[in-house]
Structure formats: structure tokens, C-alpha cells
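Below is a short note on the model, for use alongside the sequence and coordinates.

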Amino acid sequence: MLNVIAAGAMLLSTLGGVPAPGTHIVEPPDDMTISVVSANGSGCPQGSAVVEVSPDNKAFTVSYSKFVAEVGPQSGALDYRKQCQIALNVLIPSGYTYGIARADYRGYARLEEGATASETAFYYFQGMSKTGVSKYQFSGFMDDSWQVTDEIEVEAITWLPCGSSRYLNINTELKVNRGWSNKSTTSFITMDSSDLNLDTIYRVAWKQCPF
């Protein structure tokens with residue numbers, strides 16, 4: 001059973017990229033390709049993050065295979081916090097621009113009574129200000145799948161500047177706090193698609209240039 005913990009973005013700030021009044025979202029062009037330029041961080045060792053574009057070019061999925069934060073008797077001192085920054089090279093047809101309109105984050109958590117966890121995310125185009133930061137909290141006892149959604153109003157979407165070529169950077173973090181839970185137990189949170197068939201989906205909005 002999928003446990004929907006939170007819906008809607010808790011955006012702390014949204015900077016830059018606001019389109020001019022009167023512009024309109026258009027249907028996606030026929031061709032968009034995405035490749036991973038780099039993936040850095042304890043949550044995404046080399047080869048553990050995979051990107052796939054949806055057939056309709058309206059979304060892309062980032063799947064992680066080793067994104068797990070945990071605390072417990074056998075956990076390392078730094079395992080309570082895992083983070084990942086992915087740089088994506090998004091190739092789009094001439095005359096179009098795009099922005100992230102919605103992000104769905106999914107994973108699994110097993111938290112003992114008294115333990116807590118959090119998922120934090122933001123994204124930005126190379127050389128530009130980052131989007132608002134979204135952060136979601138989870139509390140034990142919990143032993144279930146989770147999903148959270150950030151939705152961004154059209155007026156607040158950060159758009160790739162027309163005619164430019166910049167990497168899209170995605171930053172995510174998972175963190176677990178033992179709290180007052182029993183020290184002999186283990187609590188964890190994952191964003192891990194290989195074992196649990198869960199992933200992160202970013203939905204794309206399109207505009208024609210110039211705007």
C-alpha cells in the first residue's frame with residue numbers, strides 16, 4: 001500500500017525564470033533526450049542513478065539503487081545522512097524551452113517509534129539560482145512506502161533561458177534521526193528503485209521561444 005505522507009510543495013523560495021505575462025504552455029516537442037553528466041554524493045555512487053524519458057516527453061524518471069539513509073547498531077557514523085547531486089544534459093529541439101512543473105518523490109521508510117526522517121530537494125539550471133527548497137518530515141513508527149509531491153504554479157516555474165545550453169542540476173537529501181528510539185534497533189529511509197520499484201518523477205512544462 002502506498003502511503004501518501006504529503007502533497008503539494010512546501011517551497012521556501014522560488015527565484016528567477018518567471019515568464020512574461022501572456023505566454024502559454026505548449027505541447028512537448030517530438031524529441032527530447034537526457035543523459036547523466038555526473039552523479040556525486042553518498043546517495044548515488046557511480047552507476048547507481050539511471051534516467052529515463054517518458055514516451056510523451058512530458059516527464060522523466062530518475063531511479064536510484066543505493067540511496068539509503070539509516071541509523072542503527074551496524075550503521076556507519078555518516079550513514080544517517082545521504083545526499084546526491086545529479087547533473088543532466090537535456091537536449092531539446094531548437095525553438096523550445098522547458099522547466100520543471102512538478103516533482104514526485106517516492107521511497108520506503110522503516111522508522112522505529114521515536115525516530116524521524118526527512119527528504120529535502122531542489123533543482124536549478126547551471127549558473128542560475130536554485131528553486132525553492134522542499135522538505136518533508138516523517139515520524140515513527142512507520143513501515144511503508146511514501147510519496148511526496150512538489151507542484152509549481154506556471155508563473156513560478158524556472159525556465160531554461162531560450163537559446164542557451166545549461167545542465168539541469170537535481171539535488172536530493174535523505175536524513176534519519178534516532179530521536180528517543182531504542183538504540184538496539186535500526187531505522188532507515190530509502191529512495192531506491194532497484195529493490196523496491198520506486199523512483200522519482202519530474203514533470204516537464206514546455207514553451208516556444210522567444211517568450
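1. The lining of the largest cavity is made up of eight nonpolar and three polar residues, with no charged ones. This is a predicted model, and the points that follow should be read as such.

2. The count of cavities of 30 Å³ or more comes to two. The largest cavity holds about 80 Å³ of space. Its lining comprises 11 residues, and those closest to the centre are Ile100, Tyr123, Thr131, Ile157 and Thr158.

3. Which strand gives the most to the lining of the largest cavity? Strand E8, residues 116-125, does, with three residues.

4. E8 also belongs to an open sheet of five strands, whose order is E2-E6-E11-E8-E9 and whose pairing is antiparallel. The edge positions are taken by strand E2 (33-40) and strand E9 (134-139). Each of these two has a single partner strand, so one of its sides has no neighbour in the sheet. From one strand to the next, the twist averages 20°.

5. Within this sheet, E8 pairs with strand E11 (residues 168-177). The pairing of E8 and E11 runs in the antiparallel sense over 10 bridges.

How values were computed:
Residues are numbered from 1 along each chain as its sequence is written. This is a predicted model: local features need pLDDT of at least 70, side-chain atom pairs count only at pLDDT 80 or more; totals for chains, interfaces and linings use all residues. Side-chain values use heavy atoms; hydrogens and water are left out. On a 1 Å grid over the protein atoms alone, a cavity is a set of points where a 1.4 Å probe fits but cannot get out, and a pocket is an open set with protein on both sides within 12 Å along at least five of seven lines; lining residues have an atom within 4 Å of a point. Grid points are joined across faces, edges and corners, and a volume is the space filled by probe spheres set on the points. Helices (H or I, at least four residues) and strands (E, at least two) are DSSP runs, numbered from the N terminus. Ala, Val, Leu, Ile, Met, Phe, Trp, Tyr, Cys and Pro count as nonpolar, Asp, Glu, Lys and Arg as charged, and the others, Gly among them, as polar. Two strands pair if DSSP finds at least two bridges between them. Axes are lines fitted to C-alpha atoms, for helices over the stretch in contact, and angles run from 0 to 180 degrees between N-to-C directions.
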